[in-house]
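Hi there,

Here is the structure I promised to send over. Please open it alongside this note, and I'll walk you through what turned up.

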Amino acid sequence: MSYQAKMRVWRGDESGGDLQDYSVEVNEGEVVLDIIHRLQQTQTGDLAVRWNCKAGKCGSCSAEINGRPRLMCMTRMSTFDEAETITVTPLRTFPVIRDLVTDVSFNYEKAREIPSFTPPKDLQPGEYRMMQEDVNRSQEFRKCIECFLCQNVCHVNRDHEENKKAFSGPRYLMRQTELDMHPLDTRANRSVQAQEENGLGFCNITKCCTEVCPEHIKITDNALIPLKERAADRKYDPVVWLGNKLFRR
Ligand code: SF4
Ligand code: SF4
Ligand code: FES
């Protein structure tokens, strides 16, 4: 059964813009991205929108739908009342390029600041051995599709442009945790580096990042809180401090 949805979409570019109203046909089973595509096909040929997989796996169709950061391809129209006006706006934390497309290069810059996995020098490919328990711990973090919804929602950068230099955001603090937990990573003190260079101390564990993650990764409980505990242990526990001096990890 089809109906006409009331869509309110942000149109503009880096110099400014506004919300514009449209009426767009909706058919059974469709998601917000289908409606944005129909709008583009029938009324606004120049509407800019980024997408790739339409399956919740590429992380490129991130936007704010009624103010909540979500993947457009995973948001069913049936979750809204037919009479409701559905507002679609670009991610607020990153600069707008045009319409619903933002410049997310901030995230790639932060990714480059995290030192890569560093296995022991004398270990040859094929000799890597890990306990299944260690594999399982970081497996959750590897589900990340880099949609940047967590990076967008976190209030530390969302409301304070001036924090961006010092705060890497939940996705990249989670990457530090993943590598800090890796038994074959030889870089000492990733958790202290996260505290001192990636802004871990800005995080006040509000869990907003966890709430918006489409992969349901428990970012706060399983990555950020353990990283804070590890940083505190490494810095202030004299036994751990001595162990680090003697054994490097
Ligand atoms: S838990 Fe930390 S990283 Fe996540 S949204 Fe809150 S302040 Fe940001
Ligand atoms: S952790 Fe979740 S919300 Fe953040 S970028 Fe990865 S998939 Fe997206
Ligand atoms: S289009 Fe790939 S996640 Fe939505």
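Strands β3 (residues 62–65) and β4 (residues 68–71) run antiparallel and are joined by four bridges. Keep in mind that this is a predicted model. The two strands form a hairpin with two residues between them, and N66 in that turn has a positive phi of about 50°. If you want a spot to start from, I65 has R68 of β4 as its bridge partner.

β3 also pairs with strand β5 (residues 85–89), again in the antiparallel sense, this time over two bridges. Here E64 is bridged to T89 of β5.

Now to the domains. Where they meet, 14 residues of domain 1 are in contact with 15 residues of domain 2. On the domain 1 side, eight of the touching residues are nonpolar, four polar and two charged.

Around ligand 1 you will find C154, V156, P170, C203, N204, I205, T206, K207, C208, C209, T220 and L224. Helices α8 (208–212) and α9 (219–236) each give two or more residues to this shell. By class, the shell has eight nonpolar residues, three polar and one charged.

Which residues are closest to ligand 2? They are C144, C147, L149, C150 and C213, out of 14 that surround ligand 2. That shell holds eleven nonpolar and three charged residues, with no polar ones.

How values were computed: Residues are numbered from 1 along each chain as its sequence is written. Chains are lettered from A and ligands numbered from 1 in the order in which they are written. This is a predicted model: local features need pLDDT of at least 70, side-chain atom pairs count only at pLDDT 80 or more; totals for chains, interfaces and linings use all residues. A residue is near a molecule or strand if its C-beta atom, placed from the backbone, lies within 6 Å of it. Ala, Val, Leu, Ile, Met, Phe, Trp, Tyr, Cys and Pro count as nonpolar, Asp, Glu, Lys and Arg as charged, and the others, Gly among them, as polar. Two residues are in contact if their C-beta atoms, placed from the backbone, lie within 7 Å. Two strands pair if DSSP finds at least two bridges between them.
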